[in-house]
Amino acid sequence: MRAGRELSLQEARWLAIEAQGLAAPRPTARIERRHLRALIGQIGTIQLDAVNVLQRTQFVVLFSRLGGYDVGRLHDMTGPGGELFEYWGHAASLMPAPTQPLFRWRMQDHASSAAWQARHQSDDSYISAVLEEVDNRGPLAASGLSDPRRRQGEWWDRRSAGRQALEWLFGTGQLAAWRSGTFERVYDLPHRVIPASILGAPTPTREAAQRQLLLIAARANGVATSGDLADYFRIRPGEARIRVAELVEAGELIPVAVEGWPQAAYCLPNARPRRPTRSQGTILSPFDSLIWARERASRLFGFDYRIEVYVPETQRRFGYYVLPLLLGDRLVARLDLKADRKTSTLRVPGAHIEPGADPDAVVTAAVAELDSLRAWLGLGDVTVGNRGDLANTLRRAMLASRRREA
């Protein structure tokens, strides 16, 4: 793509959707580790989150792109010697292990955090004792510490001193971590978790590491403003602007204009907008990297998306755990979903259609995608509630689909 080219908003959506691995039909072959490896390498990072009302986000992100797969394959790629490592990418994230050196500047920043040191400087001996215990005993969760020093209070202030010490050591790179089957973070010394070839790799300068992370972000975004690129791996916007300018000067990023965007945008030189070929609808996790930035989702799709898990029930507009439905190059519906494992039912308490979307096409896509999701989750049925302007039509279509199957 040439510098200065003007992209239509539709072309920008095409670039974003393809960059995120959502443009082509899902594979028909059985999903193996190689599929997961290629996809995670393409998007660069997968955000982690503890909410499990449907399925944890890291697993849903892969389902959206690949369809049904064994979640154990992803879990097997983490932990000691794994292909993926956990660190602070875009929030808590899984990333390809070879990118670990690109985050060492962040570990150094964490170690020199004046705010943390002012709060915890009296705890140095305790932190050292926690590190020594992990060294001596091997992998440990906060709950397994001999002296966890639990705290009382509200849930947001109840993390034990032991958990805070482990998090400090993890943030500074003195410990590495992965998740247990119950999503508890398990900590160990880096040389017992991360392959020696990666730990022994040279540490790039802060500037070089940030440039490389911004290039990964550019590949994963398709087309993006400097702010979009900065947000992908949470680089400070001021630093990101300097690094982006350096990448443009080196010819590694191309500045373009996008219809309706007041800010300059950037893409890789080889970027080419192509219409998505996926015809099926695709459910997206609330923490999916296509939509995790509210302002970008609005700019790309005209879609104002707020995750309402943390909103008081009386103030929610669409529901507790609402997943957008992507169809073609538009976000066409919002589905409030819950996996009721006791009754083996995928529940849809609410369903809302977006303005301008074709109801017939949306319902057809939603029925097929909900059934695929149900099957992947190992549930027996789908039930649709009454909330939302799409609910009644979706319920009738789902019942008709069930009758045809019977």
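**Note on the predicted model**

1. With 406 residues, a compact globule would have a radius of gyration near 22 Å, and the protein agrees with this because its own value is 22 Å. The radius is taken over C-alpha atoms, and the globule rule is 2.2 Å times the number of residues to the power 0.38. Along the principal axes, the C-alpha atoms fill a box of roughly 65 × 55 × 45 Å.

2. This is a predicted model, in which local features need pLDDT of at least 70 and side-chain atom pairs count only at pLDDT 80 or more, whereas totals for chains, interfaces and linings use all residues. Residues are numbered from 1 along each chain as its sequence is written, and side-chain values use heavy atoms, with hydrogens and water left out.

3. The protein contains 15 helices and 15 strands (DSSP runs numbered from the N terminus: helices are H or I of at least four residues, strands E of at least two). Of the contacts with a separation of 6 or more, 65% join residues 24 or more positions apart; contact means heavy atoms within 4.5 Å.

4. Buried residues account for 54% of the 406 residues (buried is under 20% relative accessible area, exposed over 50%, partly exposed in between, with a 1.4 Å probe and protein chains only).

5. Glutamine 210 belongs to helix 10, residues 206-221. Glutamine 210 is buried, as its relative accessible area is 0%. Beyond its neighbours within four places in sequence, glutamine 210 contacts Trp105, Ile235, Glu239 and Arg243.
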